[in-house]
Amino acid sequence: MIDVVLSISGLGKSYDDVTAVDGLDFEIFKGQCFGLLGPNGAGKTTTLGLLEGMEEPTRGSVRYFGKPFPADYQDRIGIQFQATALQDFLSPFDNLKLFSSFYNDSIPMDQLVEQFRLNDFLHRDTRRLSGGQRQRLLLALALVHNPEIIFLDEPTTGLDPRSRREVWDIVSELKADGRTLILTTHYMEEAEALCDELLILSHGKTLLQGAPKKLIKEAGVSDLDTLFLSLTGETLVKTQEVIE
Amino acid sequence: MSSILVSLRRMKAIFIARNLEYLRDRASFGWNLVFPVLIVFALAVVFSGPPRALFVVTAIGTEALPEMVNFPGIEMVSDQEEKALDRLSRQQTDLVLKIVDGSVGYWVNGNSASGAILELLLKYTEDRPLQREETDGAAIRYVDWVVPGILGMNMMYSALWGVGYVIVRYRQSGYLRRLKATPLTKLEFLSAQVLSRLLVTLTASAIVFVGTNLMLDYKMVGSIILLLITALIGGLAMITLGLAIACRTESKEFADGLLNAITFPMLLLSDVWFSLDGSPEWVQMIAQVLPLTHVLEAARAVMLDDAGFTDIAPNLGLLCGFCAVGMGISVRLFRW
């Protein structure tokens, strides 16, 4: 039997009069790459924040192996935020050293540098990194302590095709390594290529859930965007369109 | 459409967008209106009153003072004997008077020309018997007076902006949120900020202190250890004040306004550039609740009067109180 890592029940989050997440129920299994898919404003990032323990739910719950978050939950997860600033004047080397020091056990620096291909810019000011280099560094920082669950919030947004492919390769390696991955994206190709299970969100609610190929097959459509369009009348952003 | 018109249209769009952004940031907008008004009022209050007197006479007690003290150009102040004589030895007052059993006792500083003129005037106008005593001591040069003020001011800016503004910048850029996603605790983060800034502040102050002393040879008669303790506790008080300001503030522009609101009164009322002796009592009372006042009082006492630990203990105690309150507020209210 596959372990349920996170079980989400009746999860909701409201800010004043805006409901960002509205009654979500789903489970995430160990070793799964779980995707939250939806257009901007669908509630992906807020849902991710609730699963990370960074946000408090207004209603419902998130349970970790059937229990409330343990005190050391932050030690067990790695997060790559959608937009993360780093301290000015620090290099990737300095940042890896800094973030490694937050944890009792961390992956050796050499291993991280090799895995995320940071060697070419290891001692460069982070303000001078390209989008792809920066994203690889942020992934390395999220994984510096070898976490059980990895959260990636739109890891390829704004990247060129080559950089996007590099991030996909890294995510695929992590999948092959048996890590539990939870990622948000609004790129269909990315969701289809990387995710074992998808939760399609619209206006904070679950629209559809299932394996990408199964969802497409059952709906009798050619791709996820067509499926989304048929459900909501809205269109998701195609990766190629964004790049172009 | 010509390229100039296109350019003007774009400029207009940016101009309007920036104005809207500014007007909609109500905190910053309000502050930009209120702050200059506060400055004008503060300066008007502090510098109001009659022109400065030619001579300063300090009386110990207020009964049956000589007629001389009513002459134009003479400012009369009252003080305790010990403090009055200290001021006389530094030529911060020109003559000290004390009425004892129907005779007029007075002290002059043998090195003071102003004291000699007042002594002549006193002899010419007073009928009662006079009892003369003399002290000595060189006048405090302005550089001796102002160096502790400048060091303190530098410490204030370094501590408040180096911690307060930077933390707000971290928050606005999302860096604090990234740190929140690690096991790093608030206390660890805040303590590291305090220690880092303290090291920077003390090192910078030490370099300025030694460097300027080599060039200006200003007065430093007290214990260097006591001065270091004063700088340490004073720096901590300023840094924790910066933390308290930054613990919830989310806008850099608003933080800038708040920091100015804290630093400007200290710049004006904490004896940085000039002494507030002779200013209204309520102004001096306000000065007493500002941490920089106590840093400078203690530093000047050590540097100019060779004060011991017990002399500056009240100042240091108050600064420790500022530290405790600032750190308490920061740890309790801090938001990543």
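**Contact and salt bridges**

Author: About 1500 Å² is buried between chain A and chain B, and carbon and sulfur atoms give 58% of that area. The model is predicted.

Reader: What makes the area between chain A and chain B a buried area?

Author: The figure of about 1500 Å² is accessible area that the two parts lose on being put together, summed over both, so it counts as buried area. To this contact chain A brings 17 residues and chain B twelve residues.

Reader: Why is the pair A:Glu55 and B:Arg177 called a salt bridge?

Author: The closest N and O atoms of A:Glu55 and B:Arg177 are 4.0 Å apart. The rule asks for a side-chain nitrogen of Lys or Arg within 4 Å of a carboxyl oxygen of Asp or Glu, so the pair is counted. Between chain A and chain B the count is one salt bridge. The rule for polar contacts finds two residue pairs across this interface. On the side of chain A that touches chain B, the elements giving two or more residues are α2 (73–76), α3 (92–100) and α5 (131–142). That side has eleven nonpolar, three polar and three charged residues.

Reader: Is B:Arg90 buried or exposed, and how do you know?

Author: Buried means under 20% relative accessible area; B:Arg90 has 15%, so B:Arg90 counts as buried. Its salt-bridge partner is B:Asp305, with the closest N and O atoms 2.5 Å apart. B:Asp305 has a relative accessible area of 38% and is partly exposed.

Reader: Why is B:Glu134 called partly exposed?

Author: Exposed means over 50% and buried under 20%, with partly exposed in between. B:Glu134 has 48% relative accessibility, so the label is partly exposed. B:Arg132, with 42%, is partly exposed too. These two residues form a salt bridge, the closest N and O atoms being 2.9 Å apart.

Reader: Which residues are linked with B:Glu134 in a network of salt bridges?

Author: B:Glu119, B:Lys123 and B:Arg132 are linked with B:Glu134 in that network.

Technical notes. Residues numbered from 1 in each chain as written. Chains lettered and ligands numbered in written order. Predicted model: local features only at pLDDT ≥ 70, side-chain atom pairs only at ≥ 80, totals over all residues. Heavy atoms only, no water. Contact = heavy atoms within 4.5 Å. Buried area = accessible area lost by both parts, 1.4 Å probe. Polar contact = N/O pair within 3.5 Å; in protein donor to acceptor, adjacent residues only side chain to side chain. Helix = DSSP H or I, 4+ residues; strand = E, 2+ residues; numbered from the N terminus. Nonpolar A, V, L, I, M, F, W, Y, C, P; charged D, E, K, R; others polar. Buried < 20%, exposed > 50% of the residue type's maximum accessible area, 1.4 Å probe, protein only.
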